[in-house]
Amino acid sequence: MLYGRAREQAAVDAMLAGARAGRSAVLVLRGDPGIGKSALLDHAAERAGLEHRLIRVTGVESEADLPYAGLHLLLGPALDGLPALPGPQRRALEGAFGLADGAGPADRLLTGLATLALLAELAADRPLVCLVDDAQWLDRASAEALLLAARRLDSEGVVLLFAARDGEGAFPAPGLPELRLAGLDPTSAAALLTSRHDGPAAERVRFRVLAQAQGNPLALTELPVEFATVPGSAADSAFLDGGLPLTGRLQLALHGQVTRLPAGAGTLLLVAAAEESGDPAIVRAAAHELGVGAEDFAAVEESGLLSLSPHGRYVLRTSLLRSVLLQQAAPDRRTAVHRTLGELLRAAGEEDRGSWHLSLAVSGQDAELAEALERVAARAGARGGHAGASAAYERAARLNPDRAAAARCLLLAAEAALDAAESDRAQALAVRAGEWAADPYSRAVLDWVRATAHFRRGAYPDAYRLLLAAAQSEITPPDAARLLLQAFHSAWYLGAAQTEQVLDRLAALPLPPDDPTEPLVRHLLATALPVLGRTGPPLPTAAETVRRARASGASGASGADGVRELLPICGATLIPGRDAETYQLATELIAEARLSGAVGPLPTLLFFLAEAELFHGRHRDAEVSLAEGLALARDTGQPQWLSQLCALDAYVAALRGDGERVADRVAEALADASSAWGAPAAGSGWAQWALAVHDLGQGRAAGAADRLAALTGGPFKYHVAAVRAVPDLVEAAVRLGEPERAAEAFERYRRWASAAPGWARALVARCQALLGPDELAESGYLAALELHAGDDRPFELARTSLLFGEWLRRGRRRAEARGPLRSALETFERLGATPWADRARSELGATGSAPPAAVPAGPLAALTPQEVHIVRLAAKGLSNRDIAAQLFLSPRTVGHHLYKAYPKLGVASRGELAALV
């Protein structure tokens with residue numbers, strides 16, 4: 001029975017009821033040790049009964065550096081469901097668990113999505129209850145996989161309950177609902193104490209226990225046992241008076257119960273605490289090796305401190321007891337236990353766990369064990385357990401007597417920490433390794449590690465400085481090119497001078513024509529130099545650059561590595577306005593990334609795709625891409641691309657006239673940490689353009705002009721958003737009667753557009769018509785409309801038609817104005833560009849013509865972006881499972897969204913979608 005937890009029990013019961021109705025739910029229980037988190041998990045397990053499938057795992061501090069150990073224990077009983085998963089996800093879990101030779105490294109992001117898919121499979125026939133106790137001690141890889149799955153649960157019928165302690169090393173779960181457990185109320189605390197401890201002995205200390213336990217259920221259970229052993233004359237001792245914090249008193253109480261057992265029984269408990277899996281065979285074998293006898297097993301069983309779980313594993317009465325046993329044990333005794341466990345595990349074929357235990361038993365240096373730990377680290381990295389790999393490499397460095405070998409291990413530890421997104425730790429390891437590393441290549445790699453850590457925090461100046469210095473060291477030109485290509489990303493956010501410096505150094509490198517970096521460098525120089533007012537080499541098409549890069553070797557393979565190598569070409573191709581090439585390449589690379597399971601690059605690619613879709617007037621498509629990109633950027637912790645995606649989404653919202661969404665998205669975009677380091681947030685350009693376009697759409701020309709003048713004339717006027725915003729500045733300035741405010745920016749834009757595709761020249765003609773003189777305006781508008789006709793950009797065509805119609809109406813040519821105004825209105829309504837549609841309708845009314853009936857919204861207008869994506873794929877004939885694999889959802893969630901979409905579309909079955917869409 002649980003006392004005083006009716007509210008918490010009701011919350012758990014509601015989650016279980018929701019799962020039976022097909023809804024998923026997640027909750028993180030937080031609180032101090034002993035506050036009752038595990039008891040609530042027990043309540044959930046009991047209430048699950050036979051109606052639910054139940055899986056459960058407990059995090060163990062000593063296995064926190066063994067990658068995917070917790071996830072393997074949790075999902076172990078369900079691994080027969082792996083064949084049902086999409087290929088990349090199945091291979092990710094096989095790689096994580098070491099189940100298949102040649103499975104390849106487990107992408108930590110894809111492993112989380114595979115975890116979601118497997119949880120959904122387990123819930124296919126009945127709801128699933130997944131319980132994770134002591135989540136603060138899960139290994140990093142398991143925690144990341146479970147958290148990513150938790151954030152994407154929707155309609156699978158899965159309940160995922162985490163229990164985690166407060167304080168240092170707590171289990172961070174941003175975005176997930178939490179329930180913090182406080183102490184029991186006085187009435188419930190008294191009832192619990194009475195139920196566990198009654199009689200004269202308990203009565204003697206009853207009020208003191210109630211006062212000191214502070215409603216903590218474990219304290220109410222354990223403190224009376226310790227108090228009963230204290231003579232009455234010692235009732236005023238510091239222990240009884242609460243001279244220690246509650247957790248300390250609990251630890252002393254538990255330690256007291258252990259010390260009153262025979263020495264052999266204490267050894268058995270210490271073995272159980274150190275052996276993280278609770279494997280009875282290993283625990284018993286190690287205990288026997290250490291002299292534990294049958295009478296010791298009996299004494300432990302009688303004490304209730306250790307028992308066998310229903311799954312046949314040894315479990316301690318409370319996780320706090322594990323900490324007590326490991327912390328309070330004598331060093332030589334703890335060392336003996338780890339050594340014995342290590343030897344037994346190695347003999348049983350578990351070299352990784354065995355080597356780790358042996359490393360905990362060594363206080364000096366041991367070259368052989370250092371080599372073994374390097375092998376452990378390499379295997380951990382190959383499975384995607386980068387945090388565990390880093391810890392093993394670092395431990396190997398400490399054990400290695402050879403200074404050069406230790407430096408190499410520290411370098412590998414730093415790289416692995418970077419892969420684990422532990423930037424601060426990676427930097428600290430790189431600094432330590434730099435004290436020993438001697439060769440230029442190793443020092444350059446360490447500078448790259450430190451620079452990458454700085455870049456991820458938004459400290460672009462530090463990243464730029466380190467990368468430029470490393471590129472000047474005694475390394476090969478191709479290695480220098482890789483460093484400078486990364487330095488370009490930092491320089492782009494620092495200013496034109498830094499960007500030009502990087503480009504000049506890239507241009508000076510003597511790269512072999514067949515080197516993989518050569519086509520990437522040439523493409524970057526050809527796209528970036530002209531926007532800075534410099535002459536670059538001839539610009540190849542994106543397709544040609546990709547062909548050469550693939551043919552050169554390193555980028556030749558398709559899949560994750562190829563996607564990452566070729567990704568920068570997408571962004572670079574937008575700089576000279578080749579949006580169609582960007583769209584084509586982004587589409588291809590996204591398909592490749594989905595097929596290979598390369599989740600990490602998708603937020604970047606989806607941003608570039610959304611930019612290209614937006615520039616082509618495909619606003620709804622851009623919304624769909626942005627919705628997916630934002631979800632993935634949040635899931636994968638990519639603040640730079642989260643900023644960019646939020647800002648671009650704000651721009652799309654501005655086109656719709658959704659001021660509230662504009663404000664929300666801009667605020668999130670500008671919260672990017674880089675601004676704290678003197679650099680703009682990554683999405684600041686798009687954010688400022690979004691605010692300006694919203695002003696322009698609402699008729700606030702002065703506000704729009706001020707924002708646009710700062711954007712297009714500021715230190716980052718070469719950024720894509722700043723270049724493309726110039727036509728809006730021209731319109732705002734002309735509306736204010738201050739065309740001179742746009743003169744300088746327009747001249748730069750005109751020069752840029754001269755080398756861009758025809759759509760840019762159409763905007764130049766429109767700007768010239770606006771800027772005058774008035775007698776040339778008509779020819780300018782007509783030239784713009786003719787150039788628009790050759791490009792599929794309906795929004796820009798409609799804006800030119802609107803401006804032309806307004807000019808005609810002001811010239812009292814009302815009849816002629818109606819055609820362009822009516823055409824513009826129809827396009828704006830179809831695109832959902834409400835402010836521009838309102839303006840066109842008003843202008844049309846001013847010509848004396850009644851506005852036409854509203855253009856009916858497209859069949860997908862009522863759907864959410866995710867529903868649009870799913871419906872489109874279903875219309876192509878893809879099954880729910882195929883759609884789930886592409887969008888990293890569960891098949892049940894796909895089915896749920898289709899079920900919601902059918903009534904909105906007025907269809908009853910999948911077969912009707914193809915004709916409708």
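Modeller: A definition comes first: two strands count as paired if DSSP finds at least two bridges between them. Please also keep in mind that this model is predicted.

Colleague: Understood. What is the order of the five strands in the open sheet?

Modeller: The order is β2-β3-β4-β1-β5, and the pairing is parallel. In general, strands of a sheet pair through backbone hydrogen bonds, in either a parallel or an antiparallel manner.

Colleague: And which strands are at the edge?

Modeller: They are β2, residues 53-58, and β5, residues 178-180, each of which pairs on one side only.

Colleague: How many degrees does the twist average from one strand to the next?

Modeller: The average is 15 degrees.

Colleague: Let us take β2 and β3. Over how many bridges do they pair?

Modeller: Six bridges join β2 to strand β3, residues 128-133, in the parallel sense. Across this pair, Arg56 stands opposite Leu131 in β3.

Colleague: What about β3 and β4; how many bridges join them?

Modeller: There are five bridges, and the two strands run parallel. Cys130 has Leu160 of β4 as its bridge partner.

Colleague: And which residue in β4 is the bridge partner of Val26?

Modeller: Leu160 is the bridge partner of Val26. The strands β1 and β4 pair over seven bridges, in the parallel sense.

Colleague: Is β4 mostly covered or mostly uncovered?

Modeller: β4 is mostly covered, for eight of its eight residues are buried. Val158, Leu160, Phe162 and Ala164 point one way from the strand, while Val159, Leu161, Ala163 and Arg165 point the other way. The residues on both sides are buried.

Colleague: Which strands does helix α1 lie across?

Modeller: Helix α1, residues 6-20, lies across β1 (25-31), β3, β4 (158-165) and β5. The helix runs at about 150 degrees to β4.

Colleague: And α6, which strands does that one lie across?

Modeller: Helix α6, residues 140-152, lies across β1, β3 and β4, and runs at about 135 degrees to β4.

Colleague: At what angle do the axes of α5 and α6 cross?

Modeller: The axes of α5 (residues 108-122) and α6 cross at roughly 55 degrees and come within 8 Å. The two helices are therefore oblique to each other.

Colleague: A new topic: how do α29 and α30 cross?

Modeller: Helix α29 (residues 602-615) and helix α30 (residues 619-636) have axes that come within 8 Å and cross at roughly 160 degrees. Angles over 145 degrees count as roughly antiparallel, so α29 and α30 are roughly antiparallel to each other. The crossing of α29 past α30 is left-handed. Among the residues that make the contact are Leu606, Leu609 and Ala610 of α29 and Ala622, Leu626 and Leu632 of α30.

Colleague: Let us move to single residues. Where is Asp134 found?

Modeller: Asp134 is in the loop between β3 and α6. Its phi is near 50 degrees, which is a positive value in a residue other than glycine.

Colleague: Why does Asp134 count as buried?

Modeller: Buried means under 20% relative accessible area, and Asp134 counts as buried because its relative accessibility is 5%.

Colleague: Now, is Arg812 buried or exposed?

Modeller: Arg812 is exposed, because its relative accessible area is 72%. Arg812 has a positive phi of about 65 degrees although it is not a glycine. It is found in the loop between α40 and α41 (814-831).

Colleague: Since α40 has come up, where is Glu806 found?

Modeller: Glu806 is found in helix α40, residues 794-810. Glu806 is buried because its relative accessible area is 4%.

Colleague: With which side chain does the side chain of Glu806 make a polar contact?

Modeller: The partner is the side chain of Arg735, at 3.2 Å. Neighbours within four places in sequence aside, Glu806 is in contact with Arg735, Leu821, Arg839 and Glu843.

Colleague: One last point: which peptide bond is cis?

Modeller: The bond from Gly772 to Pro773 is cis, with omega near 10 degrees. Pro773 lies in the loop between α38 (758-771) and α39 (777-789).

Notes
Residues numbered from 1 in each chain as written. Predicted model: local features only at pLDDT ≥ 70, side-chain atom pairs only at ≥ 80, totals over all residues. Heavy atoms only, no water. Helix = DSSP H or I, 4+ residues; strand = E, 2+ residues; numbered from the N terminus. Buried < 20%, exposed > 50% of the residue type's maximum accessible area, 1.4 Å probe, protein only. Polar contact = N/O pair within 3.5 Å; in protein donor to acceptor, adjacent residues only side chain to side chain. Contact = heavy atoms within 4.5 Å. Axes fitted to C-alpha atoms, helices over the stretch in contact; angles between N-to-C directions. Parallel < 35°, antiparallel > 145°, perpendicular 65-115°, else oblique. Left-handed = near helix turned anticlockwise from the far one by under 90°.
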